[in-house]
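User: Hello! I am new to this structure and would like to get to know it step by step. Could you show it to me?

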Amino acid sequence: MTRLAPELRPASEAEVEGGLNALFLRYGWYPVKTDAGQVTRGGRTRKRGHIESGFPDMTYLLALPGTGLCLAALVETKTEKGKLRPSQVEMHRKLQQQYGLTPHVVRDAAEAMNLIQQARHLVGVLKAQVTP
């Protein structure tokens with residue numbers, strides 16, 4: 001089977017995630033890779049951690065200066081054509097309904113920049129409310 005050179009094929013999910021991590025880091029976010037996935041080794045599947053299956057791939061944290069608190073963005077990384085698995089759809093629904101949290105499906109840098117800009121705006125609003 002002939003493989004295309006990296007610049008001629010669509011980016012893999014791992015490549016998309018790597019690019020998103022670099023972008024979030026550039027803007028001061030701390031990336032946390034979740035362990036919700038399954039790992040297949042030696043023909044068997046086993047859990048890697050304690051987070052429920054379907055939880056978003058990444059949680060990005062942005063400090064709220066002077067508070068000891070942070071903003072968090074739950075990000076499900078997908079390729080341009082990638083689709084959510086049923087467990088992901090269910091977990092996203094659960095996070096929204098039970099906790100008011102909205103996981104973001106991010107496929108490229110433009111979508112990531114939109115989240116980063118929303119957070120910057122929110123930080124500005126919070127600073128204005130706290131500053132006497």
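Predicted model: local features only at pLDDT ≥ 70, side-chain atom pairs only at ≥ 80, totals over all residues.

User: Thanks! Is leucine 64 buried or exposed?

Analyst: Residues are numbered from 1 along each chain as its sequence is written, and side-chain values use heavy atoms, with hydrogens and water left out. Buried means under 20% relative accessible area, exposed over 50% and partly exposed in between, with a 1.4 Å probe and protein chains only. Leucine 64 has 15% relative accessibility, so leucine 64 counts as buried.

User: Where is leucine 64 placed?

Analyst: Its C-alpha atom is separated by 9.9 Å from that of glycine 124, which is 60 residues apart along the chain. Strands (E, at least two residues) and helices (H or I, at least four) are DSSP runs numbered from the N terminus. Leucine 64 belongs to strand 4.

User: What does isoleucine 51 count as?

Analyst: Isoleucine 51 lies in the loop between strand 3 (44-47) and strand 4. Its relative accessibility is 21%, so isoleucine 51 counts as partly exposed.

User: How many helices and strands are in the protein chain?

Analyst: From the N terminus on, the elements run α-β-β-β-β-β-α-β-α. That gives three helices and six strands.

User: Is helix 1 roughly parallel or roughly antiparallel to helix 3?

Analyst: The axes of helix 1 (residues 13-26) and helix 3 come within 10 Å and cross at roughly 30°. Axes are lines fitted to C-alpha atoms, for helices over the stretch in contact, and angles run from 0 to 180 degrees between N-to-C directions. Angles under 35 degrees count as roughly parallel, over 145 as roughly antiparallel, 65 to 115 as roughly perpendicular and the rest as oblique. Helix 1 is therefore roughly parallel to helix 3.

User: Which strand and which helix each supply at least two residues of the lining of the largest pocket?

Analyst: A pocket is an open set of points on a 1 Å grid over the protein atoms alone where a 1.4 Å probe fits, with protein on both sides within 12 Å along at least five of seven lines; lining residues have an atom within 4 Å of a point. Of the 13 lining residues, the closest to the centre are Leu71, Ala72, Ala73, Leu74 and His104. The elements asked for are strand 5 (69-77) and helix 3 (109-130).
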